[in-house]
Amino acid sequence: AALWLPIPASAETYLLMAEEHGCAWCARWDEEISHIYPKTDEGRTAPLQRYDLHGETPENVTLARRVSFTPTFILITDGVEVGRIEGYPGEDFFWSLLTMMFEEAGIPVETTG
């Protein structure tokens with residue numbers, strides 16, 4: 001039952017993006033989303049952090065499984081993976097999948113409306 005409780009607002013939550021040099025889908029995400037993301041409610045709730053797939057996994061992060069594809073977007077709360085989007089399905093699908101990931105993890109999106 002505890003899995004369905006909302007995550008407290010004080011939890012450190014961010015969106016970790018695994019990327020690699022030459023990834024065309026990463027470049028497309030950068031073109032279509034990266035400039036918008038920090039200005040959105042989702043971006044304020046889970047700021048973006050990036051890491052190179054071929055570099056070191058960020059310290060103090062527990063992933064559910066190894067990252068195999070780029071881009072991979074991993075929702076992290078207090079150092080633990082709580083959701084993942086593998087690949088970039090295009091702008092419309094990205095936002096829908098991101099919303100579902102927040103909902104499934106029980107993370108309320110901070111609205112500034």
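1. Helices (H or I, at least four residues) and strands (E, at least two) are DSSP runs, numbered from the N terminus, and on that basis Thr13 belongs to strand E1. The model is a predicted one, in which local features need pLDDT of at least 70 and side-chain atom pairs count only at pLDDT 80 or more, while totals for chains, interfaces and linings use all residues. Residues are numbered from 1 along each chain as its sequence is written, and side-chain values use heavy atoms, with hydrogens and water left out.

2. Thr13 has a relative accessible area of 11% and is buried (buried means under 20% relative accessible area, exposed over 50% and partly exposed in between, with a 1.4 Å probe and protein chains only). The side chain of Thr13 makes a polar contact of 3.2 Å with that of Thr77; such a contact is a pair of N or O atoms within 3.5 Å, where within protein one must be able to donate a hydrogen and the other to accept it, and residues adjacent in sequence count only if both atoms are side-chain atoms. Leaving aside residues up to four places away in sequence, Thr13 touches Thr45, Ala46, Pro47, Leu75, Ile76, Thr77 and Ile107, contact meaning heavy atoms within 4.5 Å.

3. How far apart are the end C-alpha atoms of H3? They are 21 Å apart, which agrees with the 21 Å that its 15 residues should span at 1.5 Å a residue, the expected span being 1.5 Å times one less than the number of residues. After H3 comes Gly106, with a positive phi near 70 degrees.

4. Phe94, Trp95, Leu98, Met101, Phe102 and Ala105 are the buried residues of H3. They cover an arc of only 125 degrees around the axis, which puts them on the same side of H3; the arc is that of the directions from the helix axis to the C-beta atoms. The face turned away from this buried side carries the exposed residues Asp92, Phe93, Glu103 and Glu104, whereas the cover over the buried residues includes strands E1, E3 and E4 as well as H1 and H2.

5. Rings of Phe, Tyr and Trp (its six-membered ring) pair if their centres lie within 6.5 Å, and planes under 30 degrees apart count as stacked, over 60 as edge-to-face and the rest as tilted. The count by this rule is 7 aromatic pairs. Tyr37 and Trp95 are stacked, at 6.3 Å centre to centre with 20 degrees between the planes. Since Tyr37 lies in the loop between H1 and H2 and Trp95 in H3, the pair ties together parts that are 58 residues apart in sequence.
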